[in-house]
Amino acid sequence: MFSSFKDLFKIKEIRSKILFTFFVFSIFRILAHIPIPGANVSSLKQLFSQGGLLGLLNVFSGGAIANFSVVTLGLGPYINSSIIFQLFTKVMPKLEELSKEGEFGRRKINQYTRMLTVPLAIMQSYGIYVLLHRQGIIQDLNLISLLGLMFSMAAGSMFLLWLGELISEYGVGNGISLIIFAGIVSGIPSSFGQTLTTVTSSGFGNISVTLCVAVLVIVGVVFINEATRKIKIQYARRVRGGKVYGGGSSFLPLRINMAGMIPIIFAISLVLAPSFVAGLLQGSSNSTLVDFSRVLNRLFSTGTFFYNAFYFSLVFIFTYFYTAVTFNPDDVADNLKKQGGFVPGIRPGKQTSEYLNRIITRITLLGALFLGLIAISPNIAQAVTGVTTLTVGGAGILIVVSVVLETVKSLQSQLIMRDYESNII
């Protein structure tokens, strides 16, 4: 492994891609510390240091939200836009046909995704303004100042998207994933440093338990992320002109975690809804609504049983929902039938579809349970150990490990391709 890593820097082309990727990372980190005027940054950092989902969002942005920087929105609007178009592709016939047109269709859908990112970024920037204004961190702004704030944040998000696409084209790996990865990793040193300062109050034992849990989560993420259920596919033999064609066999790999990080992203968007509704009802003149808002705050405050159960349930449900959207057993069965393939012991067509549906339902159960535990693992670890400064939770570890595995595979494939071309020459 280490010899392969050394070989990467011996090849000029790959070395240039790696250095370009780190150069874009440095630009992102500089932008994350350029604040937008109008906010009390010290109060904002204190708010996000309380942990919970706000702390998690701050970790995903690499501290950009707590600094109220020009890239406060991060790549959230683009991710939401991508999810929307992934869902629309399955329910809108025109988009489904466009997605099957190869490279042209992919570029067209990506163009539509970027176009939708702009209004989503503007809407999210206004939502952040409303949230911070109610916390007293941002004062009242006139229309011109508010529009300037919203468009500045939206422009920062689009610029970050452009940097990610530059990495995809001229660097290594998926640029969007690597930008998110850089944001999470950049917050680890400060989070770990804050944890060390609490050693006297929490004790080395609690911190050791937290680190052991983190290691176990990493091992679990690697195992689940790489785990697949292989279904044997046999292809029928064909005789043409006295020659036999086909007759081989292969495997159809079904990943246990087909949904990736998407269910957690969905859940984060909805798990804040009870607290948001409670905040709206607190200012009501109706005493019943005010009492109801207090009940919501008490039940769904970060770390409570109802909060964790609600969060876990959302992740579990969205895992099944997103897997059902992205994997269609009927299409897979039809494609196998057209190619002359079949599952041994299962008839092609409807029975193959039903068989694949049973398999994917069972293995998705394990993936859904795993993602649900990953999502609430920070709250469980904080409740057990009392260490609240390690804000990089299971969701962040899941992203980091997944991106590292994806990038390593990309670099290995480039090395193999390079060796193959040199052997041919």
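**Notebook: helices, salt bridges and selected residues**

I began at the start of helix 8, where a side-chain oxygen of Asn142 comes to within 3.3 Å of the backbone nitrogen of Ile144. I took a polar contact to be a pair of N or O atoms within 3.5 Å; within protein, one must be able to donate a hydrogen and the other to accept it, and residues adjacent in sequence count only if both atoms are side-chain atoms. I note that helices (H or I, at least four residues) and strands (E, at least two) are DSSP runs, numbered from the N terminus.

The model is predicted: local features need pLDDT of at least 70 and side-chain atom pairs count only at pLDDT 80 or more, while totals for chains, interfaces and linings use all residues. Residues are numbered from 1 along each chain as its sequence is written, and side-chain values use heavy atoms, with hydrogens and water left out.

**Entry 1. The chain as a whole**

I recorded 18 helices and five strands in the chain. Of its 425 residues, 41% count as buried; buried means under 20% relative accessible area, exposed over 50%, and partly exposed in between (1.4 Å probe, protein chains only). The chain exposes about 23200 Å², and carbon and sulfur atoms supply 64% of that area. Accessible areas come from the Shrake-Rupley method with a 1.4 Å probe, and for residues only the protein chains shown count as cover. I then looked up contacts, meaning heavy atoms within 4.5 Å. Among those between residues at least 6 apart in sequence, 73% join residues at least 24 apart.

I checked the length of helix 8 (residues 143-170): at 1.5 Å a residue its 28 residues should span 40 Å, and the end C-alpha atoms are 40 Å apart, which agrees. The expected span is 1.5 Å times one less than the number of residues.

Met158 is in helix 8. I list Met158 as partly exposed because its relative accessibility is 24%. Leaving aside neighbours within four places in sequence, Met158 is in contact with Arg114, Thr117 and Val118. The C-alpha atoms of Met158 and Tyr78 are separated by 8.4 Å, although the two residues are 80 apart along the chain.

**Entry 2. Salt bridges**

How many salt bridges does a search of the whole structure find? The search finds three, a salt bridge being a side-chain nitrogen of Lys or Arg within 4 Å of a carboxyl oxygen of Asp or Glu.

Arg114 forms one with Glu165, the closest N and O atoms being 3.1 Å apart. This pair links distant parts of the chain, with Arg114 in helix 7 (residues 102-134) and Glu165 in helix 8, 51 residues apart. Arg114 counts as partly exposed at 28% relative accessibility, and Glu165 is partly exposed at 28%.

The side chains of Glu13 and Lys17 also meet in a salt bridge (4.0 Å, N to O). Glu13 and Lys17 are separated by about one helical turn because they stand four residues apart in helix 2 (residues 12-31). Glu13 is partly exposed, at 46% relative accessibility.

I recorded Asp291 and Arg294 as a further salt bridge (3.7 Å, N to O). They lie three residues apart in helix 14 (residues 287-300), so about one helical turn separates them.

I listed the buried residues of helix 5 as Pro77, Tyr78, Ile79, Ser81, Ser82, Ile83, Phe85 and Thr89.

Phe88, Val91 and Met92 make a nonpolar surface patch of about 280 Å². Patches are made of residues with over 30% relative accessible area and no salt bridge; like charges are joined within 9 Å, and nonpolar side chains (Val, Leu, Ile, Met, Phe, Trp, Tyr) within 5 Å. Met92 lies in the loop between helix 5 (76-91) and helix 6 (93-99). Met92 is partly exposed, with a relative accessible area of 36%.

I looked up Thr364, which is in helix 17 (residues 350-385). Thr364 counts as buried because its relative accessibility is 2%. Apart from neighbours within four places in sequence, Thr364 is in contact with Ile256, Thr319, Tyr320 and Thr323.

Ala309 lies in helix 15 (residues 305-326) and is partly exposed, with a relative accessible area of 29%. Ala309 and Gly372 are 63 residues apart in sequence and 9.4 Å apart in space, C-alpha to C-alpha.
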